[in-house]
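Below are some notes for a colleague who wishes to check a few local features against the coordinates. Each point can be read on its own.

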Amino acid sequence: MVAFFARDKNKKDKKDKKADSPNNKGKQKQDETISKKAHPPLKPRIGLALGSGLARGFSHIGVVRALKRHGIEPTIVSGTSMGALVGGAYLSGNLDAVEAWAHSLNRMKVMSYLDFRVRSGGIFGGKKLMKLMYDNFGDVMIEDLPQPFIAIAADMTTGHEVWLRKGRLIDIMRASFSLPGIFPPVYMNNRWLIDGALVNPVPVSVCQALDARMTIAVNPNGDILGKAAHPGENIPTVAGFDLFGNEDTKGSMQATKAKKSSITRRIFTREKDAPSMFGVMVSSLNIIQDRLARSRLAGDPPDVTITPRIGHIGLMEFDRADELIEEGEAAVERALPDIKAAYSVLCTNYIPEDDEK
C-alpha cells in the first residue's frame, strides 16, 4: 500500500514539473490569448436618456457628438419629445441630416412648417413635419436599429406612461413630441398618445430598467438661472417670442398670410409688456415638465447629469440651433470629469486617457 502511494506521488510530482515547464507555460498563455480573442469582453451597457425641451432639444446633437468624440457610445438610448427625435436620428444614422436641417433654420423657415389648423387637436396639423421626417428617415422600423431605443409618450385617456419600442420610427417620434394644444395627439395601438414630457421628461428610469450599467441623463431644462428676462424687459424668454416681430419674417408671404388671420394674431402676437397666448401655453407646459423632471430625477437619479446652459433661449427659438448645439458640446466638456469618474467605477473596461499615454 505504501509503495502504491509512493508511485502515485511520483506521478503527481512529474505532472507538476511538466506543468511548470517553460513550454507548457507558453502553451497555457497561448490558450488564454486564443480564449480572449474568441470571447472578447462585452462592452459595458451605457444608457443615454435624452430629455424634452422643444427647441432646446437641439442641444442633444452637440451632446451626442461630444460623447462620441471622447469614446463614450451609448448602447441603450431613451428619449422624450425632442430627445426622441435626436435619439432616433442618432441610432438610424440620420444625425448629420437633422443637424444640417437645424443649422438651416431661421424664423421664416420655422413658420413654413407650421400648418395652422382650426378644427384639430392642436394649433398645427404636423403634416409638413411628418413629410420632412419621412423624406429623411423613410420607413425605418425601430426594431431594426442597431441598439435598443425607446421613446416616451403619455396616454391621453389614462395618463399612463407609454414606452414605444415597436413600429415605424417616424410615427413613434411624432407621438413622443405631440405637445398638447400644439400638435394633435397620435392614435397608436388603440391609444391616443401625447407628449411624453407630461409623464417622464428625462427618461432615466427606462435605461435603468433595461439594465444599463451606467446612465447619463441630459436635461435641457435644468438651467434655472438662464430663464430670466432680457435686460429692460418684463417677459421671461421661456414665455416665447413674438412670432411675427422678427426681422427675417417681416414682409414674408407666410407672415403676411398668418397676420391676416385673427386667430393666429391672437395666439402668437403679444403686447410690448405682456406674453402672447402661445407663450403662456408653452411656458405653462414647461413648468409642468420642469417640476416633474425634478421629482423623477430625485427618485431615479442618473449616474451623471449633463445640463446645457440654455435657459436664456426660448422653447420655440428653433432658429438658434447653432448656439444650442455648441452649448451641448460645451456641457459635455464640463461634465467630462464626472463622466470619466463614473465610467472608471461602473465600467471596468474603461481606461482613462492619461493611462493610455
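**Notes on aromatic pairs, a helix contact and a loop**

1. At 39% relative accessibility, Trp192 counts as partly exposed, and Tyr187 is likewise assigned to the partly exposed class, with a relative accessible area of 48%. Please keep in mind throughout that this is a predicted model.

2. The structure holds 5 aromatic pairs. One of them is formed by Phe58 and Trp101, whose rings stand edge-to-face, with 6.1 Å from centre to centre and 75° between the planes. This pair links distant parts of the chain, since Phe58 sits in the loop between β1 (46-50) and α3 (59-69) while Trp101 belongs to helix α5 (residues 95-104), 43 residues apart. Phe58 has a relative accessibility of 1% and therefore counts as buried, the cut-off for that class being under 20%.

3. Tyr187 and Trp192 form an aromatic pair as well, with 5.0 Å centre to centre and 55° between the planes.

4. Which residues do ring pairs link into a cluster? The members are Phe58, Trp101, Tyr113 and Phe318, so that the edge-to-face pair of Phe58 and Trp101 is contained in a cluster held together by ring pairs.

5. The axes of helix α4 (residues 82-91) and helix α8 (residues 169-176) come within 8 Å and cross at roughly 160°. The two helices are therefore roughly antiparallel to each other, the cut-off for that description being over 145 degrees, and the crossing of α4 and α8 is right-handed.

6. Where these helices meet, α4 contributes Ala84, Leu85 and Gly88, and α8 contributes Leu169, Met173 and Ser176. By residue class, the contact of α4 with α8 comprises 4 nonpolar and 2 polar residues, with no charged ones.

7. The loop between β5 (186-188) and β6 (191-195) contains Asn189, and Asn190 has its place in the loop between β5 and β6 too. Although Asn189 is not a glycine, its phi is positive, at about 50°; Asn190, also not a glycine, has a positive phi of about 65°. For context, most residues other than glycine have a negative phi. Asn189 is exposed, with a relative accessible area of 59%, and Asn190 is exposed with 68%; both assignments follow because the exposed class begins over 50%.

Technical notes. Residues are numbered from 1 along each chain as its sequence is written. This is a predicted model: local features need pLDDT of at least 70, side-chain atom pairs count only at pLDDT 80 or more; totals for chains, interfaces and linings use all residues. Side-chain values use heavy atoms; hydrogens and water are left out. Rings of Phe, Tyr and Trp (its six-membered ring) pair if their centres lie within 6.5 Å; planes under 30 degrees apart count as stacked, over 60 as edge-to-face and the rest as tilted. Helices (H or I, at least four residues) and strands (E, at least two) are DSSP runs, numbered from the N terminus. Buried means under 20% relative accessible area, exposed over 50%, partly exposed in between (1.4 Å probe, protein chains only). Axes are lines fitted to C-alpha atoms, for helices over the stretch in contact, and angles run from 0 to 180 degrees between N-to-C directions. Angles under 35 degrees count as roughly parallel, over 145 as roughly antiparallel, 65 to 115 as roughly perpendicular and the rest as oblique. A crossing is left-handed if the near helix is turned anticlockwise from the far one by less than a right angle, and right-handed if clockwise. Contact means heavy atoms within 4.5 Å. Ala, Val, Leu, Ile, Met, Phe, Trp, Tyr, Cys and Pro count as nonpolar, Asp, Glu, Lys and Arg as charged, and the others, Gly among them, as polar.
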